[in-house]
Amino acid sequence: MSAAAVTEIAPAGAALIRAEGLSVAYGPAAPILHDIDFTMRAGEIVTVVGPNGAGKSTFLRALLGMIAPGTGRVWRAPGLRLGYVPQRLHLDSNLPLSVARFLRLVQPLSRETVQALLERVGVPGLADRPMAALSGGQFQRVLLAQALAGQPQLLVLDEPTQGLDQPGVAAFYRLIEDLRRDMGCAVLSVSHDLHVVMSASDRVICLNGHICCEGTPTVVSNAPEYRALFGLGTQGALALYQHHHDHDHDRPGKNSHFCDHDHSEAEGARHDP
Amino acid sequence: MILDDFILRAALAGVMVALAAGPLGCFVVWRRMAYFGDATAHAAILGVALALAFSVSIFLGTLITALGMAVVVSALAGRGWAMDTTLGVLAHSALALGLVAVSFLPGVRADLTAYLFGDILTVGWPELLVIGAGSALVLGLMLWRWRPLLAATISEDLAQAAGFKPARERLVLVLALALTVAVALKVVGALLIAAMLLIPAAAARVYARSPEAMAVLAVGLAAAAVLAGLALSMQLDTPAGPSIVTAAAAFFAGSVGGAGLWRLVRGRAG
C-alpha cells in the first residue's frame, strides 16, 4: 500500500475537530502552543511530529478538551466518539484489574466482544490476565483495544510506539493502518521521531510551539538506501517526512520560537536516536 | 449473651455504616486518599463544637465542616500543593482547633470521648434513621456513579476522552466522604473513621480479583468487624468503637497472613 493510494480515498471527510487560533500557556510563562489552526477530518490519518517539549501532548490534550485553551477555540463534532491511547498509564497496585475489566472501563462489553477486540490488536487470550502482569508491548496493545472498544470515529494516539524497536514500530503502524481500513476511523497520532512516520499518513504536521510545516510523507519502502537502513521487514509501514518550512528559523527575534531540531533532510534520513 | 434492644440498634447502625464505608473505602485506597479521609474526619470535631455552640444537630454540624474541609483540600490539591504536608497540617489543625473550641462549651468536656471514639451503644431509633438514610445515600451514589468513578480513578484522561467528567466524579467522592464522616461519627468516632474506610478495603484487596469484588468484600469485612467488635466490647467491657477497629485490624492481619501462608504452601507443593 502506498501513501498516494491512501490519500486518494481519504479526503473530503466531515470535520471532526477544528482548532482556530489556539494557544495554550501554563501560568504566565510563554505559551507552549500559539496560533494553531488545525482541522481533523473523518477517515484521515494525521501524524504530528516535533522535538521534545514542542507541545505535542499539550496539542492533543487541548484538542480533546483535557486542558482549556488560553486563546482561540476548539470545536468538536457533537457526539464525537473518541478513542484515546495515552502515552503512559500508571495503575495503582491496590486496584485489582483484569484485562477484560479494563476494556469495560467505559461501557459494558460481552465476553465475545472482549475476545474479538483482543484478537483484533494481536493479543488474543489475555482477557483474564491481571493488567499488572502484562509486558510493555502487550500493555500498549490492550490500551489500543480499550480505545477501540467504543467504536471510535477518531483514534488519538500519544507516542504509541515509544519503547518499541523498529520492527515493533512497523508492526504497530501496520496494525493502525489495518484498523483504519476496517473501521474507517480517523487516526491522529503524535511521534517524537521527526523524520520516520507512518507511511499511511495523509498529512504530517511538524509542531514546535506552532505548526512549522505540514505535508505528505514520502514512502521509503522502495528506495534501496532506506531499505538498507530499515531492513525489509517493515513492508512499507514507515515513511520519511521532509520538512519544508515557510518561515525563517535563523532569526529567532522575528519568530517567537526556536526550532531546535534539525531540518536537513540528509541528516534526517539517518534517523535520530 | 442477651440480645438487648440497644445491641440490636448498635449492630444495625454499624452494619449500615459498613455498607457505605466498604465501596467508599476502596476509592480511598485506590486514589491514595487515606490522609484526605483523616483530614475530613478530624474536621468533624470542629463540627461538633459548632453544632453545640449554635444548637443545631451534631449530624448537620459535622456534615457541613467535613464537607468544607473536603472542598478546601480538593481545591488545594487542584492548585498543586504538596498533598502529604498540606493534608497533615489541615488534619491535625482541624482536630486541635475542634478540641479547643469544645473546651469553651460548658459541660461538654466529659462527652468528648464519645465524639473522638464513638458511642455506638447509645444509638437511638431516630439516630438510626439518620445513619440509615446517610449510608443509603452514600451507597446509592457509589452504585449510580460506579463506572465513571472507577474510570476516573484509573485514568482521568481516559475518562475524559470517553465523555465522563472527572471533576464531577471527584466532587461525588468528596460528598460521599463528608456524608460517611457524619454518619460514622457516632459509630467509631472522629479519630477512627478513616480506619473504618481503609482497613476493610485493604484486607479485601488481598483476595479480590476485580474492583467490584473488592468493594463487596470490603463491605462484608467491615460488617463482620462491626459485629465482632461489638461482641468483644460486650465480653470484655472494652470501648465499642476501638473494639470494632481492632476487629477490622485482626481481619486485615489474618487476610495478609493467610495469603502469605497460602503462597508458601502452594510454593512447597508446586
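Buried area is defined here as the accessible area (1.4 Å probe) that two parts lose on being put together, summed over both. The structure is a predicted model, in which local features need pLDDT of at least 70 and side-chain atom pairs count only at pLDDT 80 or more, while totals for chains, interfaces and linings use all residues. Residues are numbered from 1 along each chain as its sequence is written, chains are lettered from A in the order in which they are written, and side-chain values use heavy atoms, with hydrogens and water left out.

Chain B and chain A bury about 2,000 Å² between them, with 61% of this area on carbon and sulfur atoms. The contact (heavy atoms within 4.5 Å) takes 24 residues from chain A and 22 residues from chain B. R147(B), I154(B) and L158(B) supply 33% of the area that chain B buries against chain A, more than any other three residues. Between the two chains there are 3 salt bridges, a salt bridge being a side-chain nitrogen of Lys or Arg within 4 Å of a carboxyl oxygen of Asp or Glu. E212(B) pairs in this way with R101(A), the closest N and O atoms being 2.8 Å apart. Helices and strands are DSSP runs numbered from the N terminus (helices H or I, at least four residues; strands E, at least two). On this basis α1 (5-30), α7 (146-154), α8 (156-161) and α11 (211-236) of chain B each supply at least two residues of the side that touches chain A. Of the elements of chain B, α7(B) gives the most to that side, with 5 residues.

The largest nonpolar core has 164 residues, and those with the most contacts inside it are F38(A), F102(A), L118(A), V142(A), L144(A), L154(A) and L188(A). Such a core is a set of buried Ala, Val, Leu, Ile, Met, Phe, Trp, Tyr and Cys residues joined through side-chain atoms within 4.5 Å; buried means under 20% relative accessible area, exposed over 50%, and partly exposed in between (1.4 Å probe, protein chains only). Helix α9 (residues 166-188) of chain B gives the most to this core, with 14 residues. Neighbours within four places in sequence aside, L188(A) is in contact with residues including F38(A), M40(A), V46(A), L154(A) and L157(A). A second, separate core of 9 residues includes V49(A), V204(A), C212(A) and Y241(A).

Over all chains the count comes to 18 salt bridges. One of them joins E20(A) to R73(A), with 3.2 Å between the closest N and O atoms. Because E20(A) lies in strand β1 (residues 15-24) and R73(A) in strand β4 (residues 71-76) of chain A, the pair ties together parts that are 53 residues apart in sequence. R120(A) forms a salt bridge with D182(A), the closest N and O atoms being 2.4 Å apart. This pair links helix α4 (residues 111-120) with helix α6 (residues 166-183) of chain A, across 62 residues. R120(A), D178(A), R181(A) and D182(A) are linked in a network of salt bridges. In chain B, the side chains of R168(B) and E169(B) meet at 3.9 Å, N to O; R168(B) is partly exposed at 45% relative accessibility, whereas E169(B) is buried at 0%.

Most residues other than glycine have a negative phi. S55(B), in contrast, has a positive phi near 45°, and S55(B) is found in the loop between α2 (34-53) and α3 (58-78) of chain B. Phi of D237(B) is likewise positive, near 60°, in the loop between α11 and α12 (240-269) of chain B. S55(B) is exposed, with a relative accessible area of 64%, and D237(B) is exposed at 69%.
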